Amino acid sequence: MTQDTVVIGAGLAGLTAALRLADEGRRVLVVARGVGATHLAPATIDVLGFAGGRVERPAEALPAFVDSHPGHPYARLSAEAIGASIDWLKARLPALGYRGGVEENVLLPTAVGVAKPSAVVPETMAGGDLRAGGRFVFVGLKGLKDFYPAYLADNLGRASTVTARAIELAPRLGDQADVSSLGFARRFDEPAFRDAVLRRLAGQVEADERVGFPAVLGIRKAGEVWRELETRLEQPVFEVATLPPSVSGIRLHEAMTAALRQTGGRLLIGQTVVGAETAGNGRVEGVVVQAAARPTTYRAHSFVLASGGLAAGGIQVDSYGKIREAVFDLALAGLPAAEGRPPFLPTYLDEQPLDRVGVPVDYRLRPTDADGGPRYENLHAAGAALAGAVPWQEASGNGLSLATGYAAAGAILEEH
């Protein structure tokens, strides 16, 4: 069967494009080697958190940011398109209760006690906004590695105007001494475990405190768990993002893939796209997937490349230092050698010359050649594969993925 669209990649960008197209009745197939970065990063939508300093109002900061970064993916999008992608996500996944917008950033505490700006956050995290100050208590769970509430509270108290302290609970874990964040999340889905946690917490929370838990308050019932804790504690409750695996990111991934399947979309996870079949008329006809038995070609009228950047393997560096896009062998922008720069700098936390390497695109998010024209008329790109961004430095990763995935689907809908 020929699909209407094949999407390569199952991260936020790919799933956004696929779900928007499927909602319009298109036959969509998602092919991906893995689940993307959703399982690594929190489910917050960070549009623009830093641009020479912390950004308070992304909508106001974006025009100047784009002017100073003309090669950035945001330079290919209108402010209206970014806002529309957020409105779409909030309406399409109401169970996650996303709050906020591009007008202003909230400040959420991280697991190390640093205030992180985010534009749109799940309802389970919204109560952690630090901007108004106040008193916070952070609840640790013995057996959960990589979440240290005392360290968090101490750093947060030193670096902001809030007052913070920590509580460590020791819920019964059976014969397991250490439980992962995902294991705790599954336990919080169980009423008996929640009862046990609340009993241990009784009398330890003061009347004017907001209560922060690690982001493990359930997988399939997170909204229900969060509301129950708020009701029974009679205090604002919020989640703090933890180190990977990201439970909130897994919730987002599962909500999007469930919605995609319900609308008739198909997913092939664990399949690697190794090449493409193209025609002389400047169009892609199919992508080649390395299946267990033999290569299989999936044909479609349009394609979305959302396979990620260097970290995800969508852009590859071989042992000789050659850098290439892995599926279509597309032209790349920002290559250090072309600009006379070394590929790496000795300072680990600085922006590296490879950080902005990616696929250049036109205003319809079609990959371009050296002359600026589209390489293939029916191929669009989205997410971390695009050139020009440094998401970890800008706090822009999920915002870029959401907006470009949404815009790529919009371009396809306009064309067909």
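Where is Leu365 found? Leu365 is found in the loop between strand E16 (323–325) and strand E17 (379–381). I shall return to this residue at the end of the talk.

This is a predicted model, in which local features need pLDDT of at least 70 and side-chain atom pairs count only at pLDDT 80 or more, while totals for chains, interfaces and linings use all residues. Residues are numbered from 1 along each chain as its sequence is written, and side-chain values use heavy atoms, with hydrogens and water left out. The helices (H or I, at least four residues) and strands (E, at least two) are DSSP runs, numbered from the N terminus.

H9 gives the most, with 8 residues.

Next, a hairpin. Strand E4 (residues 106–109) and strand E5 (residues 115–118) pair in the antiparallel sense over 4 bridges; pairing requires that DSSP finds at least two bridges between the strands.

I turn to charged contacts. A search of the whole structure finds 27 salt bridges, each being a side-chain nitrogen of Lys or Arg within 4 Å of a carboxyl oxygen of Asp or Glu. One of them joins Arg131 and Glu104, at 3.4 Å from N to O. Arg131 lies in the loop between H4 and strand E7 (135–141), and Glu104 in the loop between strand E3 (99–100) and E4, so the pair ties together parts that are 27 residues apart in sequence. Arg131 is partly exposed, at 41% relative accessible area, and Glu104 is also partly exposed, at 40%.

What does Glu209 form with Arg135? The two form a salt bridge, with the closest N and O atoms 3.9 Å apart. Glu209 lies in strand E9 (residues 209–214) and Arg135 in strand E7, so this pair ties together parts that are 74 residues apart in sequence. Glu209 is buried, with a relative accessible area of 1%, whereas Arg135 is partly exposed, at 28%. Both residues belong to a network of salt bridges that links Arg135, Arg165, Glu206, Asp208 and Glu209.

Within helix H8, Glu228 and Arg232 are 4 residues apart, separated by about one helical turn. Their salt bridge has its closest N and O atoms 2.8 Å apart.

The aromatic residues follow. The whole structure holds 8 aromatic pairs. Phe136 and Phe138 form a stacked pair, 6.2 Å centre to centre with 10 degrees between the planes. Rings of Phe, Tyr and Trp (its six-membered ring) pair if their centres lie within 6.5 Å; planes under 30 degrees apart count as stacked, over 60 as edge-to-face and the rest as tilted. Phe136 is buried at 1% relative accessibility, and Phe138 is buried at 0%. Phe188 and Phe213 form an edge-to-face pair, 6.4 Å centre to centre with 80 degrees between the planes. This pair links distant parts of the chain, with Phe188 in helix H6 (residues 181–188) and Phe213 in strand E9, 25 residues apart. Both Phe188 and Phe213 are buried, and one aromatic cluster is formed by Phe184, Phe188, Phe193 and Phe213.

I close with the backbone. Most residues other than glycine have a negative phi, and most peptide bonds are trans. The peptide bond from Pro244 to Pro245 is cis, with omega near 0 degrees. Leu365 is not a glycine, yet has a positive phi of about 60 degrees, and Leu365 is buried, at 2% relative accessible area.

Technical notes:
Buried < 20%, exposed > 50% of the residue type's maximum accessible area, 1.4 Å probe, protein only.
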